[in-house]
Amino acid sequence: FEVYGRTKLEGEQVVAEECGKRGIPYFIVRPFSIYGPWNAVPQVIPGIISQLKQGMDKIVLGNLEPHRDFIYVTDVAYALALFLTRGVPGEVYNFGDNTSHSVREVTDLVREFLAKAGRKVEFVSDTGRYRGDLERMILVGDDTKVQRDLDWKPKIDLRTGIKMILKAEGLV
């Protein structure tokens, strides 16, 4: 169990304990890889956008093979709003797109949309950026509970989301 995961779990335990003592309703939400325009969180999609906005045509990334459950920011915002009226206090909710896409798939979509806009880009995998033993190759959410309790499903698929980001960021 790595440090990152352990500290997140410990934070959830503190919330449950403290809210329980005070009778404060709470939810634990675990969104997966959130993406959208104007995101500065150091993750793969914001990293790609940042390099593109700097005018780079050779985009340097780490491992292109890990698969993630990417979820568009507006889907996350809508789910969070639903917790206020439909969420079951004290419950833990995972939410994502329930699909797995590799970093390479993301780069292929970006390359495709930019090519249609007349810009050619290359993606380079730098082994110096690999996370080694910390890299989890596949992360996919199970949002069965959030679908059941909130009657929620994501609406934006990865292809549409990538296109929306590139447009919002002025790259296509």
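Glu169 and Lys53 form a salt bridge, with 2.7 Å between the closest N and O atoms; the term denotes a side-chain nitrogen of Lys or Arg within 4 Å of a carboxyl oxygen of Asp or Glu. This pair links distant parts of the chain, since Glu169 lies in the segment after α6 (158-168) and Lys53 in helix α2, 116 residues apart. Helices (H or I, at least four residues) and strands (E, at least two) are DSSP runs, numbered from the N terminus. Glu169 is buried, at 11% relative accessibility, whereas Lys53 is partly exposed, with a relative accessible area of 47%. Buried stands for under 20% relative accessible area, exposed for over 50%, and partly exposed for what lies in between (1.4 Å probe, protein chains only).

Some remarks on the basis of these values. The model is predicted, so local features need pLDDT of at least 70 and side-chain atom pairs count only at pLDDT 80 or more, while totals for chains, interfaces and linings use all residues. Residues are numbered from 1 along each chain as its sequence is written, and side-chain values use heavy atoms, with hydrogens and water left out.

I turn to the overall fold. The chain has 6 helices and 8 strands, in the order α-β-β-α-β-β-β-α-β-β-α-β-α-α along the sequence. Its C-alpha trace spans about 55 × 35 × 25 Å along the principal axes. Of its 172 residues, 37% count as buried.

Let me return to the salt bridges. How many does the structure hold? There are 12. One of them joins Arg104 to Glu65, at 2.4 Å from N to O. Arg104 belongs to helix α4 (residues 103-116) and Glu65 to the loop between β3 and β4 (67-68), so the pair ties together parts that are 39 residues apart in sequence. Both partners are partly exposed: Arg104 has a relative accessible area of 37%, and Glu65 is at 34%. Salt bridges with shared partners also join Glu17, Glu18, Lys21 and Arg22 into one network. Glu18 is partly exposed at 27%, while Arg22 is exposed at 55% relative accessibility.

Next, the interior. In soluble globular proteins, nonpolar side chains tend to be buried together. Here the largest nonpolar core has 24 residues, and Tyr35, Leu52, Val110 and Ile162 have the most contacts inside it. Such a core is a set of buried Ala, Val, Leu, Ile, Met, Phe, Trp, Tyr and Cys residues joined through side-chain atoms within 4.5 Å. Which elements each supply at least two residues of this core? They are α2, β3, β5 (70-72), α4 and α6. The largest share, 6 residues, comes from α4. Leu114 lies in helix α4 and is buried, with a relative accessible area of 0%.

Strands β3 and β8 (residues 122-125) run parallel and are joined by 4 bridges; two strands pair if DSSP finds at least two bridges between them. In this pairing, Lys58 stands opposite Glu122 of β8.

The largest pocket has a volume of about 1,400 Å³. Its lining comprises 39 residues, with Tyr4, Ser33, Arg68, Arg131 and Leu139 nearest the centre. Elements giving two or more residues to this lining are α1 (3-22), β1 (28-31), β2 (33-35), α2 (44-53) and β3. On a 1 Å grid over the protein atoms alone, a pocket is an open set of points where a 1.4 Å probe fits, with protein on both sides within 12 Å along at least five of seven lines, and lining residues have an atom within 4 Å of a point. The volume is the space filled by probe spheres set on the points, which are joined across faces, edges and corners.

Finally, two backbone features. Most residues other than glycine have a negative phi. Asn98 has a positive phi, near 60°, and lies in the loop between β6 (92-95) and β7 (101-102). Asp151, with phi near 55°, lies in the loop between α5 (144-150) and α6. Asn98 is partly exposed at 32%, whereas Asp151 is exposed at 64%.
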